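Q: Let us read one protein model together, feature by feature. Please show the sequence and the structure.

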Amino acid sequence: MTHIVEMKGMNKYFGKLHVLKNIDLTVEPGEVVVIIGASGSGKSTLIRCVNGLEEYESGKLVVDGQTLAPKGGNQKALTEIRKEVGMVFQQFNLFPHLTVKRNIMLAPMKVKDNSQVVANATAERLLNRVGIGNQADKYPSQLSGGQQQRVAIARALAMEPRLMLFDEPTSALDPEMIGEVLDVMRELAKEGMTMMVVTHEMGFAREVADRVIYIHEGQIVEQGKPDDVFDNPQNERTQAFLSRVLAH
Amino acid sequence: MEFQFQFDWQAAIDSIPFLLKGIPYTLLISFGGLLIGFVLGIIFGLLSINKKWFLRWPATAYIEIFRGTPILVQVLFIFYGLPDLIGSPINPLTAGIAAIALNSGAYISEVVRGGVQSIDKGQTEAGLSLGLSRTQTFWSIIWPQAFRRMIPPLGNQAIVSIKDTSLFSVIGVGELVRQGQIYIANTFTAFEVYFVVAILYLAITLSLSLILRLVERRGLASV
């Protein structure tokens, strides 16, 4: 079976700063991979490479059978990959000039040439699924942070992606709204969606992840089943990181 | 010698019909010029933020040249200078519209650039990540948001350009000021006539401000 994501010896620089060092990582269909690590460790950059929001300098990256060449080469593959890979951002990035429903309908109509009727039905179904079917005609600014992030998830799902990327999806939320977003993600995982999640929510990682990856200074230091990584970390950097985040 | 000035209301009122004949020219030059200027502004504003230097540099040169020289010099150059180059005269109306178009186009380019650059990078990333092309992302996500932010500075530019047309009396376009000058030459009622001219400009610019405020309120209501 082919991997949905395959990274081999991948390197990424921001100027002179070496942000991703020789990354080897594969993700299988249906797998939920949670990436943890300190701020600035390169974990967001890693998943942003998967849909080409960041270019990388050397190595190999194959997503859904399409080879994404270094330095932004192969635009055609990039276009194909983005149709198959959904992304949810820390800051939601909803389109403020469109209603909630129009936010979700935009890509299916523009990219997949869905008719308005079909796109509308998809939007309504997805909004119900994330529990905000009654907010369809509001504008994003009229919604709470948790609701906005659920719209963002619905918007990504409308393209029927084969892989979902989550870049710290709960980091910009008030504490009381984190749960409702994690619930939606948990459901999604249960239904078999392939997911790569960057998060600081260790409880979620332990419960939902098939595999936890710890990144330190641009390198994958440790990976494994959540229970193994959390209860019995092998690398001393992982131990130090976990003792800091799990202490409180 | 005793001198007493009295505002001659009758003279002011009498001048109105003759002055009003200038209004269509003032409006035609302003709005004709601004319409073309808006198109130029979109084109050169977007080129000025293009990644490719050979698109960016000519756009920047255009903007700097037309912002950095007086519009009076520009219109004189077009009306008196350009015919030497192209070998046929240019009528004053065309010269006036061209000057407003080129001049406002340079300023509107900056308005467009500022508006587009003010939109958060996350909006582009969200569009691209959904599979939209760069062009689709720009026109269906970035531009509608940027345009709303551009309305106030565009209104400002429209008011500036309307007033700039008053300079075109020097090339003999029968706009508002030119009509005033002709009228005064016969009646010697400069104070009254220029007073009415000023009021007429104010009437145009205030109506525009009012319309823009309504448009702005409606446009912003949804964001």
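Q: Which residues lie on each side of β8(A), and are they buried or exposed?

A: In a regular strand the side chains alternate between the two faces of the sheet. In β8(A), Thr194(A), Met196(A) and Val198(A) lie on one side, Met195(A) and Val197(A) on the other, and all are buried. Buried means under 20% relative accessible area, exposed over 50%, and partly exposed in between (1.4 Å probe, protein chains only). The strand comprises residues 194-198; strands (E, at least two residues) and helices (H or I, at least four) are DSSP runs, numbered from the N terminus. This is a predicted model, in which local features need pLDDT of at least 70, side-chain atom pairs count only at pLDDT 80 or more, and totals for chains, interfaces and linings use all residues. Residues are numbered from 1 along each chain as its sequence is written, chains are lettered from A and ligands numbered from 1 in the order in which they are written, and side-chain values use heavy atoms, with hydrogens and water left out.

Q: Which strands are joined to β8(A) by bridges?

A: Two strands pair if DSSP finds at least two bridges between them. Strand β3 (residues 32-36) of chain A runs parallel to β8(A), joined by four bridges; within this pairing, Val33(A) has Met196(A) as its bridge partner. Strand β7 (residues 163-167) of chain A also runs parallel to β8(A), with five bridges, and Leu163(A) stands opposite Thr194(A).

Q: What surrounds Thr194(A)?

A: Contact means heavy atoms within 4.5 Å. Not counting residues up to four places away in sequence, Thr194(A) touches several residues, including Ile4(A), Val27(A), Pro29(A), Arg162(A) and Met164(A). Thr194(A) counts as buried because its relative accessible area is 4%. A polar atom of its side chain lies 2.7 Å from the backbone nitrogen of Gly30(A).

Q: How many salt bridges does the structure hold, and which residues form them?

A: Side chains of opposite charge can pair when their charged atoms come close. A salt bridge is a side-chain nitrogen of Lys or Arg within 4 Å of a carboxyl oxygen of Asp or Glu. Another joins Arg129(A) and Glu191(A) (2.6 Å, N to O). That pair links distant parts of the chain, 62 residues apart: Arg129(A) is in helix α4 (residues 116-129), and Glu191(A) is in the loop between α6 (175-190) and β8 of chain A.

Q: How many residues does each chain give to the contact, and how much area is buried between them?

A: Buried area is the accessible area (1.4 Å probe) that two parts lose on being put together, summed over both. Chain A gives 22 residues and chain B gives 19. About 1,800 Å² is buried between the chains, and carbon and sulfur atoms give 62% of that area. On the side of chain A, Arg82(A), Phe95(A) and His97(A) lose the most area to chain B, together 31% of what that side buries.

Q: Which side chains form the salt bridge between chain A and chain B?

A: The count between the two chains is one salt bridge. The side chains of Arg48(A) and Glu125(B) meet in a salt bridge at 2.7 Å, N to O.

Technical notes
Polar contact = N/O pair within 3.5 Å; in protein donor to acceptor, adjacent residues only side chain to side chain.
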